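Biologist: I've got a structure open and I'd like to learn how to read it. Could you walk me through a few features?

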Amino acid sequence: MYVDGFPSWIEALEARHLGDLTFAEVARALRALSSTYVERRHKLTDGAALSGAGKRAAFALFYGPLHFLLVHHIARTMVSDTSDTLIDLGCGTGASGAAWATASPRPPRMVGIDRHPWAVGEASRTYREFGLDGRARQDDIATAKLPNGPASILAAFTLNELSETSRSAMLTRLVDRASRGDRVLVVEPLAGFVAPWWNRWRDAFTDAGGRADEWRVRAELPPIVAKLDRAAGLNHREITGRSLWLASRSASRPASS
Ligand SMILES: C[S@@+](CC[C@H](N)C(=O)[O-])C[C@H]1O[C@@H](n2cnc3c(N)ncnc32)[C@H](O)[C@@H]1O
């Protein structure tokens, strides 16, 4: 899959994040980061994933591009159009938001929200590098005032980092926004144990007329991502994930596509 702006974004990430750290340091940080996501997920609510320059570089260079490739595929397969505004909840480096935006026939204005100041800077840079309008701001998505609709709202690999109370409130809020015309896309890892709350969200989305999907995407990884994958002993021959989608009918492609 070729996406305009993707190769130069990767090149810029590589130059920036491998400027102060060696490849071996980033690969070591990637191993620590992936164990935080899988084995020590209770630490995610404290922001442990992005603590330290090594983990931030690993996140930006490795997970960012993987999330981009997966979300781009999901949006291209499933979403027929985007609203004028795309709100990216827990935008991180902006990868997933940029992926949805660049899969859209009309690029939306980006509003990224993240509690981490480093992520806010990275996301604004990502939007610029893909030629997208808008920027990211620092806020807590559990309490942030969101732009009025109609909007496309993305929560990619973020909800797992909320407390149970904030996540429940977010579910009510997103289903309500969709009932008033917004398009909502949630993406999370495939492994069930990572998100025990998933089934409740899936039922709420499908009861409201939405859909739930699982994805296994074979994509050619950028060389730096493939090299980190091998060095950290991970195996991303396929990029996997699952999604929830809720919107009015005209915003979705038919379920069979
Ligand atoms: C795993 S990253 C995913 C980033 C991005 N959505 C992506 O797909 O690559 C999760 C992000 O959510 C942010 N986050 C977690 N809890 C948050 C909260 N309560 N408010 C705002 N951002 C939050 C973290 O700082 C981090 O950048």
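Biologist: Let's start with two helices: which residues in H6 meet which residues in H7?

Modeller: A quick note before that: this is a predicted model, where local features need pLDDT of at least 70, side-chain atom pairs count only at pLDDT 80 or more, and totals for chains, interfaces and linings use all residues. Residues are numbered from 1 along each chain as its sequence is written, and side-chain values use heavy atoms, with hydrogens and water left out. Helices are DSSP runs (H or I, at least four residues), strands are too (E, at least two), and both are numbered from the N terminus. Contact means heavy atoms within 4.5 Å. Here, Glu164, Arg167, Ser168, Met170, Leu171, Leu174 and Val175 in H6 touch Arg200, Trp201, Ala204 and Phe205 in H7. Those residues split into seven nonpolar, one polar and three charged (Ala, Val, Leu, Ile, Met, Phe, Trp, Tyr, Cys and Pro count as nonpolar, Asp, Glu, Lys and Arg as charged, the others, Gly among them, as polar).

Biologist: And at what angle do the axes of H6 and H7 cross?

Modeller: Two packed helices are described by the angle between their axes and the distance between the axes. Axes are lines fitted to C-alpha atoms, for helices over the stretch in contact, with angles from 0 to 180 degrees between N-to-C directions. For H6 (residues 164–179) and H7 (residues 198–207), the axes come within 11 Å and cross at roughly 10°. So H6 is roughly parallel to H7 (under 35 degrees; over 145 is roughly antiparallel, 65 to 115 roughly perpendicular, the rest oblique).

Biologist: How do the axes of H1 and H3 cross?

Modeller: H1 (residues 6–17) and H3 (residues 53–78) have axes that come within 9 Å and cross at roughly 165°. That makes H1 roughly antiparallel to H3. The residues of their contact comprise ten nonpolar, two polar and one charged.

Biologist: What surrounds the ligand?

Modeller: A residue is near a molecule if one of its heavy atoms lies within 4 Å of it. Here 19 residues surround the ligand, and the closest are His67, Gly90, Ser96, Asp114 and Ala156. A polar contact is a pair of N or O atoms within 3.5 Å. A polar side-chain atom of Asp114 sits 2.6 Å from a ligand oxygen atom, while a polar backbone atom of Ala156 is 2.7 Å from a ligand nitrogen atom.

Biologist: Which peptide bond is cis?

Modeller: The one from Gly149 to Pro150, with omega near 0°. Pro150 is in the loop between strand S3 (134–138) and strand S4 (151–156).

Note on methods: Polar contact = N/O pair within 3.5 Å; in protein donor to acceptor, adjacent residues only side chain to side chain.
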